[in-house]
Amino acid sequence: RRLAGCTGSVLPTDQELLMVLEWYPFDAPPYDKFSESSFRNIMYGHANSTSGVSPCSVEFMHSIAHNYFDGSMSVVSTSPNDPIFSVFHCFVDMIYEQWLLKWGVFGVNSYPTNGAFAANNRYDYLVTVFPPKTHDYYLKLAVNFGYVYEPY
């Protein structure tokens, strides 16, 4: 049984979501959850959207939303089986789309080509996609994949 909102987690506000779009570059060294002031880390929920600081014991954005929805959504290994997962991740993709529209090629060029964890560099293959594609393949606007988002 889902107890959304009963975990103590609170969904991000509209203002916090809009703040995510202000962060550039896409990623920053050390390219992990300790990276500060990068879009990726703030969107994933490892850094605060206002300060860019990465306090290890606190979760934000994407991470906190998984916990907010509770049930199988709050467990990494089972969250893809949760009915809300796809809807939630479409929203995350829409935020990424807004970021790409704002930063364009500058944003894409800030994606790390080396130094990130294995399978997380720009030209590494995503291990969960078949047929295999590189991250670079997906660094495009949604229209390149046959759909568009309404502006947020």
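Good morning. I begin with the second largest pocket, whose lining residues divide into 11 nonpolar, one polar and no charged. The model I am presenting is a predicted one. The residues around this second largest pocket are Leu11, Pro12, Leu17, Met43, Met61, His62, Ala65, Phe69, Phe88, Phe91, Val92 and Ile95. Helices α3 and α4 each supply at least two residues of that lining, and the space in the second largest pocket comes to about 170 Å³.

I turn now to the largest pocket. Its volume is about 1600 Å³, and 46 residues line it. Which residues lie nearest the centre of the largest pocket? They are Tyr44, His89, Asp93, Leu126 and His135. Two or more lining residues come from each of α2 (39-44), α3 (61-69), α4 (84-109) and α5 (135-138). Among these elements, α4 gives the most to the lining of the largest pocket, with six residues.

Finally, the surface. Tyr137, Tyr138, Phe145 and Tyr147 form a nonpolar patch there, and together they have about 330 Å² of accessible area. One of these residues, Tyr147, is found in the segment after α5. Is Tyr147 buried, partly exposed or exposed? The relative accessible area of Tyr147 is 37%, so this residue is partly exposed. Thank you for your attention.

Notes. Residues are numbered from 1 along each chain as its sequence is written. This is a predicted model: local features need pLDDT of at least 70, side-chain atom pairs count only at pLDDT 80 or more; totals for chains, interfaces and linings use all residues. Side-chain values use heavy atoms; hydrogens and water are left out. On a 1 Å grid over the protein atoms alone, a cavity is a set of points where a 1.4 Å probe fits but cannot get out, and a pocket is an open set with protein on both sides within 12 Å along at least five of seven lines; lining residues have an atom within 4 Å of a point. Grid points are joined across faces, edges and corners, and a volume is the space filled by probe spheres set on the points. Helices (H or I, at least four residues) and strands (E, at least two) are DSSP runs, numbered from the N terminus. Ala, Val, Leu, Ile, Met, Phe, Trp, Tyr, Cys and Pro count as nonpolar, Asp, Glu, Lys and Arg as charged, and the others, Gly among them, as polar. Patches are made of residues with over 30% relative accessible area and no salt bridge: like charges are joined within 9 Å, nonpolar side chains (Val, Leu, Ile, Met, Phe, Trp, Tyr) within 5 Å. Accessible areas come from the Shrake-Rupley method with a 1.4 Å probe; for residues, only the protein chains shown count as cover. A salt bridge is a side-chain nitrogen of Lys or Arg within 4 Å of a carboxyl oxygen of Asp or Glu. Buried means under 20% relative accessible area, exposed over 50%, partly exposed in between (1.4 Å probe, protein chains only).
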